[in-house]
Amino acid sequence: MGDVAARLAEIVGDKHLLTGEAISEDYAHDEALTAEPQMPAYVAKPATADEVAELLKAASEHNVPVTARGSGSGLSGAARPREDGLVISFERMNAVLEIDTGNHVAVVQPGVTLAELDVKTAEAGLSYTVYPGELSASVGGNVGTNAGGMRAVKYGVTRNNVLGLQAVLPTGEILRTGGKTSKVSTGYDLTQLIIGSEGTLALATEIIVKLHPRLTHGATVLAPFGNFDQVMAAVPEIVSSGLAPHILEYIDNLTMAAIVYNEKLELGVPDKIRETTEAYLVVALENREAQRLEQDVETVGELLGELGATDVYVLDGGAARKLIEAREKAFWTAKAAGADDVIDVVVPRTAMPVFIKKARELAMAAGGGAIGCGHAGDGNVHLGIFCKDSDKRKQLLTDIFAHAMELGGAISGEHGLGRTKAAYYQELEDPAKIELMRRIKQSFDPAGILNPGVLFTEGTA
């Protein structure tokens, strides 16, 4: 262990290597509810891609498992290290290297947070449109999990907004994938393979992200529905209307009540309507012209009324901002309410009513509950799972995930599998697909040092 520490210190400098009691508890976990914290043996803070390469070569040589860490805001345990492992923290690699207004891209280091990038892009009248709900999240972490968020209905998830990477293989090789071009048909798409691999294939040290013009006029419409199925039926109608909402969310009545109470929101919904509401639809629109936005708001209001909304409320700027911020923090609301797990299953948009009904039935049969909200526009359902018995909860989650997959969906839409969902993935996914992924993993990481236990359960990759 002393030899390993000495070698790592040679690479990043004594000041930027932590061992023993110098390692704070922050490095022991991410925000997953069911992944117990684990202190690593080493935390290294590189400043360059070359230092990352040397760290990975040393780790491969000494068979030290490596966990990459951005802001630690993930929800699947992918940033939880191994006891004998090395955390490579990208907190020093946090520069916005370039805002290229001609090509509408930014070049950033992985430790840059979404909040920091937003400040820089705003200065150029541009915007990076991936907002997974936590602006302290790092761009590198978003690449690892293929993070999504509420704006994915219009702009897509991380993989739709990353054009290229500089990445380091565990063998120490530094490679570049993609670039500032918006399309390429030359060889395998290594950029897309690395995105969403949760730090198991390579570590991104530079990221080229796509930017969009920053639209200055926005409005948020809140529509309560007395019947949950009406909410779900309204979603494809709104998507196909041509209005192009950048946020299209459903929030069930229990979650909305918790959000309103916790955040002290004043939404202007009368008690009589609130008491008869099963779920709400939140529709956010944006435009470069105020007059066109007003027309769109009027159109969506009329459409929602035709689709069964009890009423329609156009929220003022402050209330709208607070509601969106509160919805982005729904995980914390569920955590505060005592949820035993939070899942982010994705199904085809039209299958959402069937899936949610079945998930609730399964939870009730297990003596628990399933409540939540989700990205209605893209079928991503976020549920707080309440089931104290760990054995029953494991079976409940297995049944919920299996049902989602039967409907053509997947276990995770944006949080990733990490350590918390890897076992379910191994049990439910097509064995041929898992075997192919193992071979890909072996090709990238022959020593098996990158995030063992993530995606594949321990001993299977």
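Predicted model: local features only at pLDDT ≥ 70, side-chain atom pairs only at ≥ 80, totals over all residues.

User: Is Ser 138 buried or exposed?
Analyst: Ser 138 counts as buried because its relative accessible area is 2%, and the cut-off for buried is under 20%.

User: Thanks! Switching to pockets: how much space lies in the second largest pocket?
Analyst: The second largest pocket holds about 870 Å³ of space.

User: How many residues line the second largest pocket, and which lie nearest its centre?
Analyst: Its lining has 32 residues, and those nearest the centre are Arg 151, His 246, Ile 247, Arg 321 and Ile 324.

User: Which element gives the largest share of that lining?
Analyst: That would be helix 11, with 6 residues. Helix 11 (317–328), strand 12 (217–225) and strand 14 (279–287) each supply at least two residues of the lining.

User: What does the lining look like by class?
Analyst: The lining of the second largest pocket has 13 nonpolar, 10 charged and 9 polar residues.

User: Now helices. At what angle do the axes of helix 1 and helix 2 cross?
Analyst: The axes of helix 1 (residues 2–12) and helix 2 (residues 49–62) cross at roughly 170° and come within 9 Å. Angles over 145 degrees count as roughly antiparallel, so helix 1 and helix 2 are roughly antiparallel to each other.

User: Which residues of helix 1 and helix 2 meet?
Analyst: From helix 1 there are Val 4, Arg 7, Leu 8, Ile 11 and Val 12, which meet Glu 51, Glu 54, Leu 55, Ala 58 and His 62 in helix 2. By class, the residues of this contact are 6 nonpolar, 3 charged and 1 polar.

User: Last one: how are helix 7 and helix 13 arranged, parallel or antiparallel?
Analyst: Their axes, for helix 7 (residues 228–239) and helix 13 (residues 352–365), cross at roughly 150° and come within 9 Å. Helix 7 and helix 13 are therefore roughly antiparallel.

User: And what makes the contact?
Analyst: Helix 7 brings Phe 228, Asp 229 and Met 232, while helix 13 brings Met 352, Pro 353, Ile 356 and Arg 360. The residues in the contact of helix 7 with helix 13 divide into 5 nonpolar and 2 charged, with no polar ones.

Definitions and conventions:
Residues numbered from 1 in each chain as written. Heavy atoms only, no water. 1 Å grid on protein atoms, 1.4 Å probe; cavity = no way out; pocket = protein on both sides within 12 Å on 5 of 7 lines; lining within 4 Å. Points joined across faces, edges and corners; volume = space filled by probe spheres on them. Helix = DSSP H or I, 4+ residues; strand = E, 2+ residues; numbered from the N terminus. Nonpolar A, V, L, I, M, F, W, Y, C, P; charged D, E, K, R; others polar. Buried < 20%, exposed > 50% of the residue type's maximum accessible area, 1.4 Å probe, protein only. Axes fitted to C-alpha atoms, helices over the stretch in contact; angles between N-to-C directions. Parallel < 35°, antiparallel > 145°, perpendicular 65-115°, else oblique. Contact = heavy atoms within 4.5 Å.
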